[in-house]
Amino acid sequence: MEKSRRNFIRQTAVASAGVLLTKTSWTNAKSYKRIIGANDRVRVGVIGFSDRHKSSHIPSFMNHYKELNFEVVGVSDIWKKRREEGAAVWKEKMQNDVKAYRNNEELYDSKTIDAVFISTADFQHARHAIEAVKAGCDAYVEKPFAETMEDNRAALKAIKESGKIVQIGSQRRSGANYHAANDFIRSGKFGPITMVELTWNVNQPGRWRRPELLSQLKEEDTDWKRFIMNRPYEAFDPRIYLEYRLFWPYSSGLPGQWMSHQIDTVHWFTGLKHPRSVVANGGIYKWKDGRRNWDTILAAFDYGPLDDLSTGFQVTFGSRMHNGDEHPAEIYYSNGGELNLNTNKVTPEGGLTEKMAAAMNMQANLLPEISLANTEKVVASANTGGDVLTSNHVRNWMECVRSRKEPNAPVEAGYSHSIANIMTNAAVHTGYKATFDEKTQEVMANGKIFKY
């Protein structure tokens with residue numbers, strides 16, 4: 001099983017690279033300037049010793065680091081407690097010296113690292129990615145990639161100019177079932193997509209809350225101004241620092257955390273870079289705990305070619321943090337049936353029947369029932385652990401750091417999911433339909449550029 005999984009990842013590392021654009025337009029020759037020798041150890045730094053890093057990056061990295069000759073040598077975190085904990089945890093894992101750094105500048109100035117894991121607060125990912133590539137490092141960058149177009153554009157530019165290997169943490173792109181779905185849709189056998197339904201519901205009252213840590217975080221033990229980066233200044237608040245996913249503009253919550261995963265598959269399977277428009281509605285209906293971000297959302301997207309508004313399809317994203325079963329759903333519909341990434345089956349369910357088609361003098365074109373092979377289950381719990389998808393994805397990044405080939409989720413994937421995310425945020429925060437200006441690469445709502 002392990003051998004077959006590794007073979008799959010090796011085979012798909014390149015196969016998925018040219019999904020949205022041609023290989024020529026995606027690859028920067030600079031990425032080949034430093035091909036690491038087979039015997040050279042890749043030294044890794046950690047940017048943000050977060051819950052995500054602890055629960056998922058560590059076990060995933062540990063699955064592969066010996067075979068691929070990687071080691072962690074430093075941890076940067078602006079909170080004293082976390083950087084000391086991070087250095088201690090990694091020292092025990094690596095059985096070598098792992099240094100703790102007060103901030104990213106100290107880490108990069110040490111000139112001891114080749115690559116970094118970035119798992120900081122949502123709004124920091126793009127800016128931290130810029131720092132990494134400008135310091136000459138490859139990076140694994142958690143999603144959402146960016147929450148403003150200013151950050152999104154700046155990070156795309158910096159990464160493309162650097163030629164560094166950057167993997168966006170959209171781990172579905174390293175799943176065999178998702179590759180099978182992409183292949184089937186692109187083969188033409190599915191027929192034109194007419195609708196996509198995305199849902200992600202949980203019932204976890206404490207999701208994204210950190211009450212046990214709030215009393216431990218003291219302003220003097222961290223760097224608040226460095227934390228808020230380019231966001232408007234507000235007074236130190238341990239809830240914003242530790243529970244940032246609940247507070248705009250430090251995170252968009254449901255769109256950035258969950259929708260960014262699912263909408264990425266739409267872009268991947270269709271080759272479309274972003275929606276034509278987005279509307280959204282919702283609110284804080286259940287968890288009245290001081291949060292700013294909604295606990296319930298329903299967003300509707302219009303997708304299709306920009307030069308032909310007569311063709312396209314709708315995508316809906318629904319998410320709630322109450323009465324949910326933790327089984328995210330992604331169902332693609334054509335007039336011949338459905339492709340269901342929960343059951344990992346293609347079926348003629350709901351397709352035009354022979355009888356109906358005959359009555360209209362049409363061909364039914366019902367889909368055959370097939371299974372999408374080599375499935376890896378999506379884990380929706382707060383602590384995913386070293387799940388197979390993330391482990392595959394981390395390995396793909398590590399292999400590409402060595403080969404300098406494009407990873408499964410390159411920066412363009414992050415740029416695209418961020419456009420959809422920011423358009424959703426614009427609809428949420430203005431109440432207007434959001435669109436995207438191709439010329440300026442800006443998200444628009446009510447005739448104005450959306451920022452916060």
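These legends walk through several close-up views of the predicted model shown above. Local features are described at pLDDT of at least 70 and side-chain atom pairs at pLDDT 80 or more, while totals for chains, interfaces and linings use all residues. Residues are numbered from 1 along each chain as its sequence is written, and side-chain values use heavy atoms, with hydrogens and water left out.

View 1. Rings of Phe, Tyr and Trp (its six-membered ring) pair if their centres lie within 6.5 Å; planes under 30 degrees apart are stacked, over 60 edge-to-face and the rest tilted. That rule gives 22 aromatic pairs. Phe123 belongs to the loop between strand E4 (115-118) and helix H6 (125-134) and Phe227 to helix H10 (residues 224-228), so the pair ties together parts 104 residues apart in sequence. Helices (H or I, at least four residues) and strands (E, at least two) are DSSP runs, numbered from the N terminus. Phe123 is buried at a relative accessible area of 1%, and Phe227 is buried at 4%. Here buried means under 20% relative accessible area, exposed over 50%, and partly exposed in between (1.4 Å probe, protein chains only).

**View 2. Tyr303 and Phe313 form a stacked pair.** Their ring centres are 5.8 Å apart and their planes lie at 10 degrees. Tyr303 is in strand E9 (residues 296-303) and Phe313 in strand E10 (residues 313-320), 10 residues apart. Both Tyr303 and Phe313 are buried.

**View 3. Glu243 has a polar contact with Arg209.** Glu243 is found in the loop between helix H11 (238-242) and helix H12 (254-270), and is buried with a relative accessible area of 0%. The two side chains meet at 3.1 Å; a polar contact is a pair of N or O atoms within 3.5 Å, where within protein one must be able to donate a hydrogen and the other to accept it, and residues adjacent in sequence count only if both atoms are side-chain atoms.

**View 4. Strand E15 (residues 434-437) shows alternating side chains.** E15 pairs with strand E16 (residues 442-445) in the antiparallel sense over 4 bridges; strands pair if DSSP finds at least two bridges between them. Ala434 stands opposite Ala445 in E16.
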